[in-house]
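Q: I have a model open and would like to learn how to read its features. Could we go through them together?

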Amino acid sequence: MIEFLKVIIPLLIAFVGILIPAIRLYLDNKKLKNENNNLNEKIKDLTLDLEIDLQVFNDVKDIAENILFKTKADRFLILTATNGTNEMRFATAVYEQHKKTSKVVLSLGATGKYVKFEFDSSYKKMLKDAEIQDLIELQTEKMSDCDLKSIYENEVVKFSDVHFLMRGKIDELNDRLFYCSIATHENAPFTKTEKINIKSNIDKLKYILKKIDNI
């Protein structure tokens, strides 16, 4: 019996010595596999979100190009206004696109210039009217003195159509208003045919924005 134990105990010790690292290796591999699976899921989710964002971006770009190349519009902006649910105070340009002409040089860089721009009472009224009427048509030289007229004069914008797009919820106390400004540096307003083209594309844009849950 003693001789048997002398043989079997070293074998058991050796077996345990092999078994413990094997168990550790199995557990480590399982943990690594789970971590990789979680990472793959996150990458998949991120890729899906990115594809959705890119699709929306491409759709908006197509709409802007359609307007710019089929009408005399040469400046296309999407803006948001924030602060409270009634009185909006701050405007930010979130998207811009331009027709390649020498006249639009002064309008370039809106997304860099207009970030949390605190606007005046005339601008507030214009946004309220746009939300009610859906469209505000502006001719710079006939506008009363205000922030927006000064901007248009600096950029040599002659005519501008401001389209209400949608109102989104930030939280219980704050809304975000989305609107689009389509302008021309030409000395003539948009024709009826051009207005139909613009309206058709703005309706598409509204539909796209309403599908996005996180705005």
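A: Gladly! Let's begin with a cysteine: Cys-180 is buried, because its relative accessibility is 0%, where buried means under 20% relative accessible area, exposed over 50%, and partly exposed in between, with a 1.4 Å probe and protein chains only. This is a predicted model, in which local features need pLDDT of at least 70, side-chain atom pairs count only at pLDDT 80 or more, and totals for chains, interfaces and linings use all residues. Residues are numbered from 1 along each chain as its sequence is written, and side-chain values use heavy atoms, leaving out hydrogens and water.

Q: Is Cys-146 buried or exposed, and how many disulfides are there?
A: Cys-146 counts as buried, at 15% relative accessibility. A disulfide is a pair of cysteine sulfur atoms within 2.5 Å, and the count here comes to 0 disulfides.

Q: How many salt bridges does the model have?
A: A salt bridge is a side-chain nitrogen of Lys or Arg within 4 Å of a carboxyl oxygen of Asp or Glu. By that rule the count is 9 salt bridges.

Q: Which residue forms a salt bridge with Lys-125?
A: An α-helix has 3.6 residues a turn, so residues three or four places apart point the same way. In this case the partner of Lys-125 is Asp-129, with the closest N and O atoms 2.8 Å apart. The two are 4 residues apart in helix 3, which means about one helical turn separates them. Helices (H or I, at least four residues) and strands (E, at least two) are DSSP runs, numbered from the N terminus.

Q: Which residues are linked with Lys-195 in a network of salt bridges?
A: Glu-137 and Asp-161 are linked with Lys-195 in that network. For Glu-137 and Lys-195, the closest N and O atoms are 2.2 Å apart. Glu-137 lies in strand 4 and Lys-195 in helix 5, so this pair ties together parts that are 58 residues apart in sequence. For Asp-161 and Lys-195 the closest N and O atoms are 3.4 Å apart; this pair links Asp-161 in strand 5 to Lys-195 in helix 5, 34 residues apart. Asp-161 is buried, with a relative accessible area of 4%, while Lys-195 is partly exposed at 27%.

Q: Where is Asp-134 found, and what is its phi?
A: Asp-134 is in the loop between helix 3 (121–133) and strand 4 (135–139). Its phi is near 80 degrees, a positive value in a residue other than glycine.
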